[in-house]
Amino acid sequence: MNLLAIETSCDETAAAVLRDGREVLSSVVASQVALHADYGGVVPELAARAHLEVIATTVDAALDALPGGWDDLEAMAVTRGPGLAGCLLVGTCYAQAAAAARRLPVVGVSHLAGHVYSAWLADPSLEPPFLALVVSGGHTDLVLLRDHGDAVHLAATRDDAAGEAFDKVARMLGLAYPGGPSVERAAAAGDPGRFPLPRTHLEGSFSFSGLKTAVRYAVRDLGAAALTGAGTPRDPATLAGLAASFQAAAVDQLVTGLVRAAERTGAERVAVVGGVAANQALRAAVRERLGGAVVIPPMALCTDNAAMVGAAGWQRLMRRGGDPLGFTVDPALDEFA
Ligand code: KG4
Ligand code: ZN
């Protein structure tokens, strides 16, 4: 069965075609990074308009993988939350209109379930139960996928998400948007032990705002002479040291939380997913602590994409069938399967 998946929850317009839920025939991502770079973050109204401009061509590009295009499709899946309301509306309206016109079943999918299922897509041997650490710009969650469609939410962040902390620290250091990859690049040249930053370890939750504030104070304590007019460190080695120290503390908290949850739940397989899972320091630390039990999808499946939405959508379709046309978006949807 060929399924077309559409993802427009934030700043990537994405479409993918999957065969039988697990074989990716195409995965196309139109990024808006350049559009939002000047603002240092995603501007919701601009993002929604940009989705509208490119959604048809993005879907067409994904459908190139099928000789008959639309005629070869049997189902559709689309992200209906969480995310930016105006952005989600573009994808869900497009998908439901197309499904109505082509008489195809369509399922509304949680973006977070998509991230969890990116691991299932990446490793053909992975089946539930498995533990997933979802680390993205909006989420830091520990989830136990007990079975397809049956997820238990074990932990969340009390304040900032991990990716959000990377983005905010990047801004404090004067690094380019998006922050995560910039901090990682800067950290590569830095000493992670140079600035003693707090190692937060909470039972059953994460927290990144204390760490973020500690970076802010460390920058301030360098003194005015060491800072540019914009308040960012002048000395490249100092800047690299701050980036490396922050990254080490953030990775330490994530890995410790994940290892403890793995012990507590007895999970034999563990996945690390979401945009922050693209971070090499996190990937290395998780592999070192958990070894062969771990699945970390390739970069293209970690950052936002439609293939993961297709995988989660296919599982949902198999169990519950299509959703009645007219379903709405849910910007705060809190579903992991
Ligand atoms: O999953 P994602 O693409 O979108 C959301 O659903 O949020 O995650 C985006 C987040 C951003 O905060 C970005 O800075 C972070 O993932 N990110 C990284 C890296 N690449 C992306 N954080 C740390 N290191 C990276 N290499
Ligand atoms: Zn995401």
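**Chat at the screen**

Visitor: Which residue in β10 is the bridge partner of Ala132?
Guide: That's Ala271. Helices (H or I, at least four residues) and strands (E, at least two) are DSSP runs, numbered from the N terminus.

Visitor: Before we go on, what am I looking at?
Guide: A predicted model, where local features need pLDDT of at least 70 and side-chain atom pairs count only at pLDDT 80 or more, while totals for chains, interfaces and linings use all residues. Residues are numbered from 1 along each chain as its sequence is written, chains are lettered from A and ligands numbered from 1 in written order, and side-chain values use heavy atoms, with hydrogens and water left out.

Visitor: OK, back to β6 and β10. How many bridges join them?
Guide: Four, and the two strands run parallel. They sit in an open sheet of six strands, ordered β9-β8-β7-β6-β10-β11, with mixed pairing (strands pair if DSSP finds at least two bridges between them). At the edges are β9 (205-206) and β11 (294-295), each pairing on one side only.

Visitor: And the other sheet, what's the strand order there?
Guide: β3-β2-β1-β4-β5, five strands in an open sheet, again with mixed pairing. The edge strands are β3 (23-31) and β5 (106-110).

Visitor: How are β4 and β5 joined?
Guide: By five bridges, with β4 (residues 75-81) and β5 running parallel. Val78 stands opposite Gly108 in β5.

Visitor: Which helices pack on that sheet?
Guide: Helix α3 (residues 85-102) touches β1 (2-7), β4 and β5, its direction making about 155° with that of β4 (contact means heavy atoms within 4.5 Å). α4 also packs there, touching β1, β2 (12-19), β3, β4 and β5, at about 90° to β5. α4 lies across β6, β7, β10 and β11 too, running at about 125° to β6.

Visitor: Changing topic: how many aromatic pairs are there?
Guide: Two (ring centres within 6.5 Å, using the six-membered ring of Trp; planes under 30 degrees apart count as stacked, over 60 as edge-to-face and the rest as tilted). Tyr117 and Trp120 are edge-to-face, 5.6 Å centre to centre with 80° between the planes. Both lie in helix α4 (residues 111-122), three residues apart, about one turn of the helix.

Visitor: Are those two buried or exposed?
Guide: Tyr117 and Trp120 are both buried (under 20% relative accessible area; exposed is over 50%, partly exposed in between, with a 1.4 Å probe on protein chains only). The other pair is Phe166 and Phe246, edge-to-face at 4.9 Å centre to centre and 75° between the planes. Phe166 is in helix α5 and Phe246 in helix α8, so this pair ties together parts that are 80 residues apart in sequence.

Visitor: How many residues are in the largest nonpolar core?
Guide: 51 (a core is a set of buried Ala, Val, Leu, Ile, Met, Phe, Trp, Tyr and Cys residues joined through side-chain atoms within 4.5 Å). Phe246, Leu258, Val272, Leu282 and Val286 have the most contacts inside this core. α8 gives the most to the core, with 14 residues. Apart from that core lies another, of 36 residues, including Trp120 and Leu126.

Note on methods: Axes are lines fitted to C-alpha atoms, for helices over the stretch in contact, and angles run from 0 to 180 degrees between N-to-C directions.
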